[in-house]
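This report describes selected side-chain contacts and a metal site.

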Amino acid sequence: MKLSFLGGAGEVTGSCTLVETRDARFLVDCGMFQGGHEAWTKNQAALDFDLRRLDFVLLTHAHIDHSGLLPRLYALGYRGPIHVTATTAELLEIMLADSAHLQEKEAEWRSRHRDERRHRPMAPLYNMNQARACLAQLRTVAYDTEFRPHPTLSCRFHDAGHILGSAIIDAQVRTDAGTRRLVFSGDLGQAGNGLLPPPRHIDGADLLLVESTYGNRLHRTPAETQAELLAAISGTLASGNVIIPAFAVGRTQAVLYALARLARSRRLPPLRVFIDSPMAEKATLITRRHPELLAPQVRELDRWMRGNPAELELRYTHEVEESMALNQIRSGAIIISASGMCDAGRIKHHLRWNLPRSSCAVLITGFQAEGTLGRRLVDGARNVRIFNDDIPVRARLHTIGGLSAHADRDGLLDWLRGFAHAPGRTFVVHGERETAASFRDAIKRQLGWTRVEAPQQGEVYTVA
Ligand SMILES: [Zn+2]
């Protein structure tokens, strides 16, 4: 059997692994490379192998760094099945359309700004029609239900607790040497981050791929996170607003339920929360349509929200005019908006209006990459540029680290302790180079597993 690490190895984006057995050839995830100058080139160069011989695709979850090149696969000629959970399919419908829109805009921008002597317009990675067409290739399967994407392979999706619909892939494959069990962790959730159940434990594998995003870090506990959130908000709403940049899928909902928990315990007065991002609204509605997928205490909290609309007044803003009207509110509003790193979308308007006011607060709830507006704020900039204006930063800035959708180092190790025996081979993926290496060492040291590797992009391994 052969494993090719096409992306998400030695880095956190572009997740894609090609698996070749004696009889079948398939991909696990087909993610987009994001951030940094090379992302555009890497996405253009990705999937450079014979797609006619690809039998099927298995997808762990809807995040773009795992799913964003699916329409590219379609654009390059792949017409086979893509197996996903039903909720992942629902989320892909909104996320791939949004991604296609961004791809079209980026290609247009690059065509306008490129060398004058080369007139050929740049083609987007894929367009809206290709994104829609690729949705027709999705085949949905429920959690814990056996399916056979190929006569020599049987698979199950187990809840990974990372985002709605996220799955651990558990596959049995027939090889010359007998049946082999392959486990792909996908991204693993943080047990007790207050949105989804903890990732399902798996008891064995011959071959394991495990993520390592936070393989060298520890998150704050849920109680510490609630206390931080409370401290950041209380005292602000009487005279100012609270602005929360957040990723539309996953983080927005985690923030919402964390706020609901505070409102319910009466540690905060009744709250007025605006979700100002069309994609976050759709993702929140999908989340609330699936209470059966939420952690039991969140399901209960959601029921409380529905029964007590005055305690947490939730409003979605659809039109740009409604979003702009929020800028007139001087106090008492909590505004959750995208993008999560503050460099695009409606959040920029809210920051422009609220950053100069010392009575306001900005809550950073997610990772802020180098070069983004969010990162400059976290780094303590006194002035930032927004829409060509110099904006003084007088609002209080709070970083709330505990709402991550990823398990931290100890959470990942706990999940690995669920294995009754060390897997035959373990590959540590989906972590920056040093993080993945440090987590590989932690596995060897703390669990005593010996055959553990941290592959790099482009590496190919032959496994028995
Ligand atoms: Zn993810």
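Phenylalanine 26 is buried, with a relative accessible area of 0%; buried means under 20% relative accessible area, exposed over 50%, and partly exposed in between (1.4 Å probe, protein chains only). This is a predicted model, in which local features need pLDDT of at least 70 and side-chain atom pairs count only at pLDDT 80 or more, while totals for chains, interfaces and linings use all residues. Residues are numbered from 1 along each chain as its sequence is written, and side-chain values use heavy atoms, with hydrogens and water left out.

**Aromatic pairs**

Across the whole structure, a search finds 7 aromatic pairs. Rings of Phe, Tyr and Trp (its six-membered ring) pair if their centres lie within 6.5 Å; planes under 30 degrees apart count as stacked, over 60 as edge-to-face and the rest as tilted. Two of the pairs are set out below.

| Pair | Centre to centre | Angle between planes | Arrangement |
|---|---|---|---|
| Phenylalanine 26 and phenylalanine 56 | 4.7 Å | 10° | stacked |
| Tryptophan 415 and phenylalanine 419 | 5.4 Å | 80° | edge-to-face |

Phenylalanine 26 lies in strand E3 (residues 25–28) and phenylalanine 56 in strand E4 (residues 56–58), so their pair ties together parts that are 30 residues apart in sequence. Helices (H or I, at least four residues) and strands (E, at least two) are DSSP runs, numbered from the N terminus. Phenylalanine 56 is also buried, at a relative accessible area of 0%. Tryptophan 415 is buried at 2%, and phenylalanine 419 counts as buried at 6%.

**The zinc site**

The protein donors of the zinc ion are His61 (NE2), His63 (ND1), His162 (NE2) and Asp187 (OD), at 2.2 to 2.3 Å from the ion. Donors are N, O and S atoms within 2.8 Å of the metal (3.2 Å for Na, K and Ca); water is not among the atoms, so sites may look incomplete. Along the chain, the zinc donors follow the spacing H-x1-H-x98-H-x24-D. Histidine 63, in the loop between E4 and helix H2 (64–67), and histidine 162, in the loop between strand E8 (153–159) and strand E9 (167–175), link distant parts of the chain, 99 residues apart. Histidine 63 counts as buried at 18% relative accessibility, and histidine 162 is buried at 4%.
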